[in-house]
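Subject: Structure for you to look at

Hello,

Here is the structure I promised to pass on. Please open it alongside this note; my findings follow below it.

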Amino acid sequence: MAVTTPAQTPAQTPPARRIPAGEVKLRGRRWWREVGWRHVVAIAALAFALLPILYVISSSLSESGSLTGSTRLFSSVTFTNYHDLLTDPVHPYAKWFVNTVVIAGVTAVGTAFLGAAAAYAFSRFRFRGRRGGLLTLLLIQMFPQLLAYVAIFLLLVSLREVFPVIGLGSQLGLILVYLGGALGVNTYLMYGFFNTVPKELDEAAKIDGAGHAQIFFTIILRLVAPILAVVGLLSFVASFSDFLIASIVLVDPDKQTLAVGLYQFVSQRFSEYWGVFAAGAVLAAVPVVLLFQFLQRFIVSGLTAGSVKG
């Protein structure tokens, strides 16, 4: 019996794939107009940000100990400035470093907690003057802090006579001054983030017998961790780099912060140690960079969600 085979059909060529509009390759002037100029702006911004940092690092490693000794970056590499910085008995850099980290850390934690408590009250409770209180906190930030420096100095001088532990020259007094400005724009930012947390969670916890304190500490604080990280980081950086208020409050060299202490290296006209100052500035940047890297995963979500007004 003969076996018949089906007729061989020629191979069918697949239809040409339609290229989506997003995959169209840009060339020539169109590429430059839509994409190319962005690369130029990004490179210029990157150079603007990195060149000063590289210059300070190069100056800290320069043996001349001057910012104007050479126009070439890293023309000489030595750690003499770092050795002189850490072994100077007149300028206790290590104490300044510890003081700054402690003051900035306590201020960051206190600012985040006070702001969270205030934002929780404005977000969950309904009381008379609620909207006016929010606007007042926001409007207060419009006045420059320079207006309060004289009042802060006179207040701490008076407190030193009654409570020396929080008076002029005490680190605790400086922390309390920083915490005095903990509300304001931070509360308003956190208030927007708190509004994104469903209120049904509060109602479910109340049914189970939880009070407002339990809801705040066990539920809400965990859900608003991104905004707590953002506010804490901003507060840490602000208090870490503050010079004016710290120079007014802290008069004892052993209690001063890095910003105040490092100024002594360049404050005198004929004894300016710019190389040592640059070395101290480089080391002072390490805690901020490490904290930023540690909290980086919270920053974007905290800022974007906190910008939504509830």
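The accessible surface of the protein chain comes to about 19,800 Å². Carbon and sulfur atoms hold 68% of that surface. Please keep in mind that this is a predicted model.

Take leucine 50, which sits in helix α1 (residues 28-60). Leucine 50 has 40% relative accessibility, so it counts as partly exposed.

Now the overall fold. The protein chain has 14 helices and 0 strands. Of its 310 residues, 34% count as buried. Look at contacts with a separation of 6 or more: 69% of them join residues 24 or more positions apart.

Which helix is largely enclosed by the rest of the structure? That is helix α7 (residues 185-194), because 7 of its 10 residues are buried. The buried residues are Asn186, Thr187, Met190, Tyr191, Gly192, Phe193 and Phe194.

Next, the aromatic rings. A search of the whole structure gives 14 aromatic pairs. In one of them, the ring centres of phenylalanine 113 and phenylalanine 216 are 6.4 Å apart. Their planes meet at 65°, and over 60 degrees counts as edge-to-face, so this pair is edge-to-face. Phenylalanine 113 lies in helix α3 (residues 93-124), and phenylalanine 216 lies in helix α9 (residues 212-223). The pair therefore ties together parts that are 103 residues apart in sequence. Are the two partners buried or exposed? Phenylalanine 113 is partly exposed, at 39% relative accessibility. Phenylalanine 216 is buried, at 6%.

A second example comes from tyrosine 188 and tyrosine 191. Their ring centres are 6.3 Å apart and their planes are at 45°, so this pair is tilted. Both tyrosines belong to helix α7, where they are 3 residues apart, or about one helical turn. An α-helix has 3.6 residues a turn, so residues three or four places apart point the same way. Tyrosine 188 is partly exposed at 24% relative accessibility. Tyrosine 191, at 7%, is buried.

Last, the cluster. Ring pairs link Phe113, Tyr120, Phe125, Phe194, Phe216 and Phe217. Phe194 is also one of the buried residues of α7.

Best wishes

Technical notes:
Residues numbered from 1 in each chain as written. Predicted model: local features only at pLDDT ≥ 70, side-chain atom pairs only at ≥ 80, totals over all residues. Heavy atoms only, no water. Helix = DSSP H or I, 4+ residues; strand = E, 2+ residues; numbered from the N terminus. Buried < 20%, exposed > 50% of the residue type's maximum accessible area, 1.4 Å probe, protein only. Contact = heavy atoms within 4.5 Å. Areas by Shrake-Rupley, 256 points an atom, 1.4 Å probe, with all protein chains shown as cover. Phe/Tyr/Trp six-rings, centres within 6.5 Å; stacked < 30°, edge-to-face > 60°.
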